[in-house]
Amino acid sequence: EQGVFQSLDGGATWTEAASTGLVLPAVDITVDAGSPSTLYACNGNGVFRSTDAGNSWTLSNSGITALQDETAALCYAIRAHPAKPGVVFDMASDPPDLYRSTDSGATWTVLTTGPVPGSVDTLAFNPTSANSLIAGEISGGLLASTDGGNTWSPIGSQAVQNNHALVMDPTNPSTLYLAN
């Protein structure tokens, strides 16, 4: 079965949300820091927002220009900032751009991640500094931002590529874990 499911008991049981308006199955989902009933999901049609815990969804693509044809992946990963309500990041692949919304997904701005845009596949948020985050690019290594994503700088060995998952130790932000 495909759809958005919710568990109220830590994963022991699951119920399917109505998901009205969500076109195609979601490939990723995240919860807004300001409201547990505000969700963001994404798929090849773009970013969708729900304010009722996944029962109804609205397409929220204003400002996202990644959709070039019907086979383009408008959004393959989405992350809500854990400390900033309404701040959400969309990782698109065609073209490979990173987008940020500061108004709960109503509008999106493409972020410049470097001289050659790379496909950002994962983000890690610093739990001790709300404006610091690290992005893992599929083929370009790691990037750091200390201003909430406005500017990015390469960090560490750029030989670390094909990055798919990146997490930061919540008790020690200098410790990162990367899966590639």
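A nonpolar core, as I use the term, is a set of buried Ala, Val, Leu, Ile, Met, Phe, Trp, Tyr and Cys residues joined through side-chain atoms within 4.5 Å; buried means under 20% relative accessible area, exposed over 50%, and partly exposed in between (1.4 Å probe, protein chains only).

Before starting, I noted that this is a predicted model, where local features need pLDDT of at least 70, side-chain atom pairs count only at pLDDT 80 or more, and totals for chains, interfaces and linings use all residues. Residues are numbered from 1 along each chain as its sequence is written, and side-chain values use heavy atoms, with hydrogens and water left out.

**Entry 1, the cores.** I looked up the largest nonpolar core: it has 13 residues, and Phe89, Leu98, Leu123 and Trp152 touch the most other members. Strands S8 (88-91), S11 (120-125) and S12 (133-137) are the elements that give two or more residues to this core; strands here are DSSP runs (E, at least two residues), numbered from the N terminus. S11 gives the most, with 3 residues. I also found a second, separate core of 12 residues, which includes Val47, Leu74, Ala92 and Tyr99.

Leucine 24 lies in the loop between S2 (15-16) and S3 (28-31), and counts as partly exposed because its relative accessibility is 47%. Serine 104 sits in the loop between S9 (98-101) and S10 (109-111); at 26%, serine 104 is partly exposed as well.

Conventions:
Helix = DSSP H or I, 4+ residues; strand = E, 2+ residues; numbered from the N terminus.
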